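Here are a few friendly notes to read alongside the model.

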Amino acid sequence: MAAWLEFDRHAILAGQVWRLWTGHLVHYSAHHALIDLATALAAALIAAQSFGARRVLCALALGAPFISIGLLLIAADCAHYRGASGLAVLLAEMAGAGLWQQARGNHVAMVRAVLVLLAVALAVKIAAEARGFSLGASDLPPDVMVGWQAHLLGAVAGMAAVALLRTRGRCVRRTM
Amino acid sequence: MRLIQSIIVLIAAIALAGCASWHNPRGATQSASLVDYLYPDAKQPPAMAPTVVKLRPPVRVGIAFAPGKTGTDNLSEAQRLRLLERVKASFSQHEYIGKIEVIPSQYMRAKGGFANLEQVARMFDVEVVALLSYDQVQFNDANALSVLYWTIIGAYVINGEQYDVQTMVDAAVFDVQSRKLLFRAPGTSQVKGSAPLAGFGDKARAARVDGYDKAVDQLIPQLQAQLDGFRERVKNDAGYQVENKAGYKSAGALGWVSLALIALLAGMAFVVRRRA
């Protein structure tokens, strides 16, 4: 079943476009699925409180094929891919952006400083993975590497989603 | 007067008799040899050192025709590219083949040898090259109906000329780094037909093109079968080492570090909500 749903470069180019979305739902092991989905769920709940569930779901629906198409373009050697971490990074960015906006009172500086540190930690993590270091990665089979490109694309998709939602918010306020 | 008429008929008969020899009775030959390209002017067999061929899927493949022999009519570049695209289309779907680059003939130097092959492989960023060579012979003969050419109209409507085009196309796949032949497959065809004297050239040319198409039609399944056999062979052959490229299989995996970071984010969310 997983073979029919995973990101498969040749199958996608042959027309099996559902894999652009379903590739993010399947994983290589239960451990892999548990960590990715737990991270994604936590980030989604935080993001939904800032942007609303509907907008978060739209971001996921558009972000999934964006990450998959990005993999087709920039990861030429990647023939197979599974995992939700690209989407988890997208959701984490949305969550962080939402908290940044909503921080109030005396703790604004503290919250924003922590968010900046988290963003730097994410960037360092992606850079380390690109160099071949896997920082406490999930229990992956030995012939599977961490797809840092998916994390990078998820980060880009997250920034785009936040920018788009903020722009739409400003447009709505102007028309009111 | 009757003498003049006889002379005119005689001259016409001699002129028509000459028409049958206006095209080359021996036919045409087109040839491109792999051995001439890879081992030019070789007098001694090459020294073979035992090597381990390293294959790293998804493999980048180049596909090209060996340069044609000088002095023969050669396949045109447009025809070559068309045939190469057909072979490429048949093998693009395999997951262990990363990309297939069609290499134009301008980059293949006659008698270039492995040095030229390595240059081309570097230029096109490929690891394995499939070299296609061909040999096509066309036999032309006049049949019994050609006696009717003397009617002049017969040269345009009577199929007095016949052709027999025999084609062989061979694909040999080489690993560029080790210079080792991985596998090969042939394809052959025979196209026969007849045509009137006028227009024979056009029909013969079309038959030659058809000959190549039919040979490639036979080549493709043979090449696929050899590829499947090669894949099974490398699993048990110590002379081949298959190691997937980095990222061949990737996973979006976050790990415990990311879980800790998201827990920190959740803590911040709790702080923000509490103060709101």
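1. A definition first, for the helix packing further down: helix axes are lines fitted to C-alpha atoms over the stretch in contact, and angles run from 0 to 180 degrees between N-to-C directions. Please keep in mind that this is a predicted model.

2. With that in hand, look at α4(A) and helix α5 (residues 53–74) of chain A: their axes lie 7 Å apart and the helices pack at an angle of about 120 degrees. Since angles of 65 to 115 degrees count as roughly perpendicular and those over 145 as roughly antiparallel, α4(A) is therefore oblique to α5(A).

3. Which residues make this contact? From α4(A) come A:Ala44, A:Ala47, A:Ala48 and A:Phe51, and they meet A:Ala53, A:Arg55 and A:Val56 in α5(A). By class, the contact has six nonpolar residues, one charged and no polar.

4. Stepping back, chain A has eight helices and three strands, in the order α-β-α-α-α-α-β-α-α-β-α along the sequence. Of its 176 residues, 44% count as buried. Among chain A contacts between residues at least 6 apart in sequence, 76% join residues at least 24 apart.

5. Now the partner chain: 51 residues of chain A are in contact with 31 residues of chain B. Elements of chain A giving two or more residues to this side include α4 (30–51), α6 (85–102), α7 (108–130) and α8 (148–175). The side of chain A that touches chain B has 30 nonpolar, 15 polar and six charged residues.

6. Do look at the strands here too. β2(A) pairs with strand β9 (residues 249–251) of chain B in the parallel sense, over three bridges, and A:Tyr81 stands opposite B:Ser250 in β9(B).

Definitions and conventions: Residues are numbered from 1 along each chain as its sequence is written. Chains are lettered from A and ligands numbered from 1 in the order in which they are written. This is a predicted model: local features need pLDDT of at least 70, side-chain atom pairs count only at pLDDT 80 or more; totals for chains, interfaces and linings use all residues. Two residues are in contact if their C-beta atoms, placed from the backbone, lie within 7 Å. Helices (H or I, at least four residues) and strands (E, at least two) are DSSP runs, numbered from the N terminus. Ala, Val, Leu, Ile, Met, Phe, Trp, Tyr, Cys and Pro count as nonpolar, Asp, Glu, Lys and Arg as charged, and the others, Gly among them, as polar. Two strands pair if DSSP finds at least two bridges between them. A residue is buried if 20 or more other C-beta atoms lie within 10 Å of its own, exposed if 12 or fewer, and partly exposed in between; C-beta atoms are placed from the backbone. Angles under 35 degrees count as roughly parallel, over 145 as roughly antiparallel, 65 to 115 as roughly perpendicular and the rest as oblique.
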